[in-house]
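Hi there,

Here is the structure I promised to send over. Please have a look at it first, and then read my notes below.

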Amino acid sequence: MRFVPFELERWQSTWENRVRFNLAESGVHPLSVQELLGLAGASAVPLLEVRLGYSQSNGTDLLRQRIAALYPGASPDHVLVTTGSAEANFVACWRLLEPGDKVAMLLPSYLQIWGQAQNLGAQVRGFDLHAGNGWEPFPEEIRAAIAPGTKLVVVTNPHNPTGHVLSDDARRVILERSREVGAWLLADEVYAGAELNGKTTPSFWGSYDKVICVSGLSKAYGLPGLRIGWLVAPPEFTAESWARHDYTTIGPAGASDHLAGVALAPGVREKIIERTRRILNANYPVFEQWLKRFGDTFSWHPPQAGAICLVKYRQGVGALDVVERIRAQHSVLLVPGEHFGVPQHIRFGYGNELSELQAALAETELGLKRIFTD
Ligand SMILES: Cc1ncc(COP(=O)(O)O)c(C=O)c1O
């Protein structure tokens with residue numbers, strides 16, 4: 001079987017710490033440990049006292065309780081703590097997919113499950129989000145993609161790379177059709193909480209008995225370096241995913257588990273989300289003004305969530321080529337649309353510190369003007 005690489009993560013892993021400006025990030029400027037503790041009004045002593053042994057491998061009881069509290073009706077037995085939401089997606093797919101299985105998912109998308117499902121021998125079929133329809137999918141295309149016999153349906157909501165939040169109608173059609181064909185529904189909700197309008201996207205949790213909700217602290221909480229994610233699913237599914245996790249990372253780092261518990265403490269969580277939304281709302285207008293300076297070169301829908309904006313450009317040059325030239329000549333990292341399955345687009349991250357964002361955009365402008373007039 002041919003290995004399908006995860007091109008987006010290869011691109012980011014290779015360059016994100018080697019460029020001067022990183023506009024490839026989809027979360028906001030991360031908190032430091034000190035800032036997190038300051039925001040929580042917590043002492044550093046319990047962190048310093050964390051013993052560096054193996055921590056509880058499915059997540060400490062306290063952390064699983066705090067995560068379960070976010071999902072009505074869930075108990076700690078529904079929760080598996082993972083090393084990032086990426087690992088939650090991975091173990092869920094591993095638990096479910098066998099060669100020949102059918103998977104349906106939104107396109108464009110963060111292509112982790114797209115590639116992973118194929119690496120497990122499954123066949124993946126996309127249903128499009130249409131730019132001309134405000135990044136909404138068409139109901140008949142959802143139904144066609146979720147064909148009878150589909151084992152797994154995958155949605156990312158809020159969505160990466162568009163920042164779109166699915167309408168109630170689209171959610172309903174996806175749920176109804178998943179139920180009709182008996183498919184599992186994996187909802188990657190890692191951007192929930194990072195909505196610009198302050199309205200938290202409703203979770204798919206509780207809407208169907210075969211739902212797996214995946215989330216984590218990397219995006220809405222600005223804590224990707226903790227590498228804490230989770231899945232919430234029926235306890236049997238969670239236990240079977242935990243058995244896969246024994247083969248991947250064994251367990252989360254204890255210091256990260258502790259700090260995740262601090263971040264998810266009642267009252268603290270809300271402050272972190274508020275910080276994220278403040279950054280998004282301060283930065284997006286600056287970014288949008290910058291886009292407008294290019295006249296009719298770009299078209300886009302303002303994102304509803306996440307520090308990301310998917311932008312289409314008019315010129316015929318490929319996005320892989322554009323971003324490589326901007327990286328090599330200007331040391332700014334962007335993401336080409338090809339990495340999400342949508343050519344002639346660039347995904348910009350705008351969650352950096354404002355002064356850094358402005359400097360990065362000025363540098364990018366120099367490069368783009370040259371590339372687009374060549
Ligand atoms: C939709 C989606 N899911 C999962 C991840 C993985 O994030 P992490 O493992 O840091 O939680 C990302 C990261 O960009 C993402 O965009």
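Helices (H or I, at least four residues) and strands (E, at least two) are taken here as DSSP runs, numbered from the N terminus. This is a predicted model, in which local features need pLDDT of at least 70 and side-chain atom pairs count only at pLDDT 80 or more, while totals for chains, interfaces and linings use all residues. Residues are numbered from 1 along each chain as its sequence is written, and side-chain values use heavy atoms, with hydrogens and water left out.

Let me start with helix α13, which covers residues 354-373. This helix has 20 residues and reaches 28 Å from its first C-alpha to its last, close to the 28 Å expected at 1.5 Å a residue (the expected span is 1.5 Å times one less than the number of residues). Several of its residues are buried, among them Leu357, Leu361, Glu365 and Phe372. Buried means under 20% relative accessible area, exposed over 50%, and partly exposed in between, using a 1.4 Å probe and protein chains only.

Now for the charged pairs. Side chains of opposite charge can pair when their charged atoms come close. I call it a salt bridge when a side-chain nitrogen of Lys or Arg is within 4 Å of a carboxyl oxygen of Asp or Glu. How many salt bridges does a search of the whole structure find? The search finds 15.

Glu365 is buried at 12% relative accessible area, whereas Lys369 is partly exposed at 42%.

Asp169 is partly exposed at 49%, and so is Arg172 at 39%. Asp169 and Arg172 also belong to a network of salt bridges with Glu176.

Next, the strands. Two strands pair if DSSP finds at least two bridges between them. Strand β3 (residues 102-107) is mostly covered, with 5 of its 6 residues buried. β3 pairs in the parallel sense with β4 (residues 123-128) over 6 bridges, and Lys102 stands opposite Gln123 there. β3 also runs parallel to β5 (residues 150-156), joined by 4 bridges, with Val153 as the bridge partner of Ala104. Together with helix α6 (residues 112-119), β3 and β4 make a right-handed β-α-β unit; right-handed means that, with the strands pointing away from the viewer, the path from the first strand over the helix to the second runs clockwise.

There is also an open sheet of 4 strands, in the order β9-β10-β13-β12, with antiparallel pairing. β9 (298-300) and β12 (335-336) stand at the edges with a single partner strand each, so one side of each has no neighbour in the sheet. Helix α11 (residues 268-292) packs on this sheet and touches β9, β10 (308-313) and β13, its direction making about 140° with that of β9. Contact means heavy atoms within 4.5 Å; axes are lines fitted to C-alpha atoms, for helices over the stretch in contact, and angles run from 0 to 180 degrees between N-to-C directions.

Finally, some backbone details to look at in the loops:

- The peptide bond from Leu107 to Pro108 is cis, with omega near -5°, and Pro108 is in the loop between β3 and α6.
- From Asn160 to Pro161 the peptide bond is cis as well, with omega near 15°; Pro161 is in the loop between β5 and α8.
- Ile250 has a positive phi of about 65° although it is not a glycine.
- Gln344, also not a glycine, has a positive phi of about 60° and is found in the loop between β12 and β13.

Best wishes
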